[in-house]
Amino acid sequence: MEAVNQTGAASKASAAIELHNLEVKYGERSAVNDLSLTVPAGAIFGFLGPNGAGKTTTIKTMLGLRKPDGGSVCVLGYDAVMQSLEVRARVGYMSEVNSLYDFLTIPQHCAFCRSVSRQWDQEMVDRYVSLFGLPTNRKVGKFSKGMKSQLALSLLMGSNPDLLILDEPTAGLDPVARHQFLNHLVAEIAAQGKTIFFSSHILSEVEAVADWVGIIRDGKLIVCDELDHLKQTQKVLKLTYVELPPAAEVTMLRSLPGVMSLEQEGRSVRLLTHGDVESLSQTIQARSHALRNVDIVDLDLEDLFLKYMKEESNGR
Amino acid sequence: MVVKEFIEARSQLQGQIQQLTGSYDGYVWSQWFSKNGPDILAILAAVLGASLIASEVNKGTIFFLLSKPVSRDRVLLTKYLVSVLILLGVSLLSGVAILVASAMVGHPQNVGGVLISTILLWLGMLFVLGLALLFSVLFHDVLRPLIFSLLFTLLLSIPGLISNATLNAWNLTFYWSSFAAYQGTMFPLKALLICLVAALVPVLLAIPLFRKQAY
Amino acid sequence: MPNWLDVNPRSGVPIYVQLVQQITHALEIGILRPGYQLPTVRQLASELTIAPNTIVKAYDELAKLGLIESRQGVGTLVTANLHGTLYQHQLEAIFEHLSALVRDAANLGISEQEVRDHFESDLTRFYRGQQDRQRKKSDDEHTEIIPGQ
């Protein structure tokens with residue numbers, strides 16, 4: 001399909017978040033290492049990685065909660081260090097830990113947020129509060145984890161942010177609440193054209209709602225791409241040889257450009273490829289070892305995720 | 001232990017003063033402005049100051065607070081000012097209570113003296129508050145700022161245990177209360193200025209520290 | 001409303017490609033007719049709970065294929081000349097198919113003459129069959145007319 005070549009064009013639009021060679025250290029230990037990342041405006045960006053990979057640290061630099069030790073952080077066109085107030089006026093942030101005041105009710109939270117925000121749309125907050133069915137007369141300390149997340153999201157919407165930065169917004173939610181929360185996020189908020197950046201350690205929820213994905217591990221960004229583009233460029237090439245291919249040939253295959261990994265089982269070889277799989281397949285077919293069959297298969301994102309995680313730990 | 005000895009030593013001192021004056025006025029002054037007042041209010045100031053930032057960090061609400069488009073200086077100063085006003089309120093209330101109670105038992109006190117002593121006491125307490133605030137920025141739990149600020153204040157008053165004029169000049173707690181001012185015979189300008197400067201120092205240190213602190 | 005759209009984010013097929021394929025199919029089978037107004041990006045993003053940028057991309061792609069067009073203030077409409085465009089695409093697809101067949105045959109080592117012979121006999125068989133069917137059809141019409149005489 002011709003469409004295949006057009007992917008990635010959307011990424012050239014204005015960026016909501018731009019990180020360049022970000023470096024964050026906790027004492028001597030490097031928490032984020034030379035991380036560069038661009039989140040296009042209007043994207044739903046899933047920031048994926050295991051716990052302790054550096055997701056929260058990266059997010060904190062965006063809000064100016066922590067100053068980077070190197071590199072630059074630009075959010076909505078503002079420098080996150082020098083113009084942190086401008087950033088915070090336009091960004092809705094939800095921290096990883098529940099950060100609401102347990103001794104306040106919803107109207108009290110609204111009053112507080114109103115007093116510290118540049119603009120406030122109470123109707124909008126009320127709309128989300130009733131959408132989630134949250135009780136307005138109870139202290140937030142009595143809320144469940146899911147209700148607190150829903151309230152935090154509702155409060156964010158009061159200041160009409162252009163960008164939402166959510167740190168593990170579904171952590172501690174049961175699968176149904178998690179699904180509901182993400183659906184609301186996309187159907188109600190992303191649909192309005194707001195950019196959403198959320199971190200998660202669960203692949204399936206990123207896959208379900210995000211259109212961009214960044215995978216971080218040990219403070220390094222391993223992948224950062226449009227999901228559709230990833231699906232198009234990462235393919236599995238299954239080769240079946242007529243005779244058992246010699247070890248030299250297998251080594252050669254492994255070294256071909258675009259081959260990310262190789263698994264061999266007798267006469268069948270499975271290649272995880274990146275880029276132009278067609279021309280790679282032609283290159284292989286042109287070699288002297290006869291092939292019985294060549295198949296190009298779509299890659300499961302789960303495979304890819306696990307693959308990246310494994311690759312990184314092998315490399316160390 | 002140290003605290004107990006310290007308090008005992010101090011009571012003895014107050015006793016001497018009381019003997020010296022032998023008056024009801026002297027009794028009231030030594031009981032509240034020189035002894036219980038500073039002790040009670042110092043603890044209150046330490047509790048208030050210690051929890052200002054540290055409890056927000058401890059409960060995670062600091063992220064909610066600092067993600068709003070408000071500068072850290074404003075956050076810190078607003079919180080500080082609220083505590084300053086609470087301390088002022090409590091100081092004034094106790095001053096009024098002394099005036100009313102004394103009048104009821106037939107020993108009306110000098111209103112100006114009570115007022116100036118109350119202000120002096122309040123200014124003195126702002127040092128403890130500021131110190132607790134400074135530790136509250138430095139530590140991420142409430143207990144350490146509380147203990148450290150009280151211990152530090154206690155250490156500062158050690159020179160006062162020895163009745164020595166030179167040493168007393170370096171005893172901050174010495175300036176918190178002045179019997180002459182209470183009696184209305186002297187305006188404690190020097191004490192007021194010293195208490196004011198002492199109150200400002202920890203706050204001025206806390207502001208840039210809070211600005212740089214990573215959460 | 002778009003219950004004929006069924007997007008699966010877990011599939012290896014890019015979501016916008018799924019959208020393009022399914023909307024094209026809906027156009028082909030007549031669910032969407034010329035002049036029909038497609039849902040806005042916002043509506044569709046909200047209903048399918050997928051990223052708005054993905055829908056923009058799919059719509060862009062369909063517009064590039066000449067199947068839909070966006071008009072200022074009106075929205076996104078199925079192009080008036082839908083059938084012409086679809087026919088053009090089908091034509092291209094058929095001939096591409098034919099080329100692929102020829103290539104596959106050559107890869108299998110079938111000679112040019114053999115392919116040509118098969119192709120021609122297929123053509124002959126198809127068109128003769130069609131003529132037969134037409135003749136039979138007109139014969140049937142005749143037999144129907146007879147009782148009425």
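Reader: In this predicted model, does F139(B) count as buried or exposed?

Author: In a predicted model such as this one, the class follows from the relative accessible area, and buried means under 20%. The relative accessibility of F139(B) is 19%. F139(B) therefore falls under that cut-off and counts as buried.

Reader: Which residue forms an aromatic pair with F139(B), and what is the angle between the planes?

Author: The partner of F139(B) is F148(B), with the ring centres 5.3 Å apart. F148(B) has a relative accessible area of 33%, and is partly exposed. Planes over 60 degrees apart count as edge-to-face, and this pair belongs to that class, the partner being F148(B) and the angle 70°.

Reader: How many aromatic pairs does the rule count over all chains?

Author: The rule pairs rings whose centres lie within 6.5 Å. Over all chains, the count of aromatic pairs comes to twelve.

Reader: Why does the pair of Y101(A) and F64(B) join two chains?

Author: The rings of Y101(A) and F64(B) are edge-to-face, 5.9 Å centre to centre and with 75° between the planes. Y101(A) lies in the loop between β6 (91–94) and α3 (106–116) of chain A, whereas F64(B) lies in helix α3 (residues 61–66) of chain B, so the pair joins chain A and chain B.

Reader: What are the relative accessibilities of Y101(A) and F64(B)?

Author: Buried means under 20% relative accessible area. Y101(A) is buried, and F64(B) also counts as buried. The values are 8% for Y101(A) and 7% for F64(B).

Reader: Which residue has its charged end over the ring of F64(B)?

Author: A charge sits over a ring only if it is within 6 Å of the ring centre and within 35 degrees of the ring normal. The charged end over F64(B) is 4.4 Å from the ring centre, and it belongs to K68(B).

Reader: Which residue has its charged end over the ring of F210(B)?

Author: The distance limit is again 6 Å from the ring centre. Here the charged end lies 5.7 Å from the centre of the F210(B) ring, and the residue is R72(B).

Reader: What area is buried between domain 1 of chain C and domain 2 of chain C?

Author: Domain 1 covers 15–80 and domain 2 covers 83–148 of chain C. Seven residues of domain 1 of chain C are in contact with five residues of domain 2 of chain C. Carbon and sulfur atoms give 67% of the area buried between these two domains, which is about 460 Å².

Technical notes
Residues are numbered from 1 along each chain as its sequence is written. Chains are lettered from A and ligands numbered from 1 in the order in which they are written. This is a predicted model: local features need pLDDT of at least 70, side-chain atom pairs count only at pLDDT 80 or more; totals for chains, interfaces and linings use all residues. Side-chain values use heavy atoms; hydrogens and water are left out. Rings of Phe, Tyr and Trp (its six-membered ring) pair if their centres lie within 6.5 Å; planes under 30 degrees apart count as stacked, over 60 as edge-to-face and the rest as tilted. Helices (H or I, at least four residues) and strands (E, at least two) are DSSP runs, numbered from the N terminus. Buried means under 20% relative accessible area, exposed over 50%, partly exposed in between (1.4 Å probe, protein chains only). Domain bounds come from an automatic or database domain assignment. Contact means heavy atoms within 4.5 Å. Buried area is the accessible area (1.4 Å probe) that two parts lose on being put together, summed over both.
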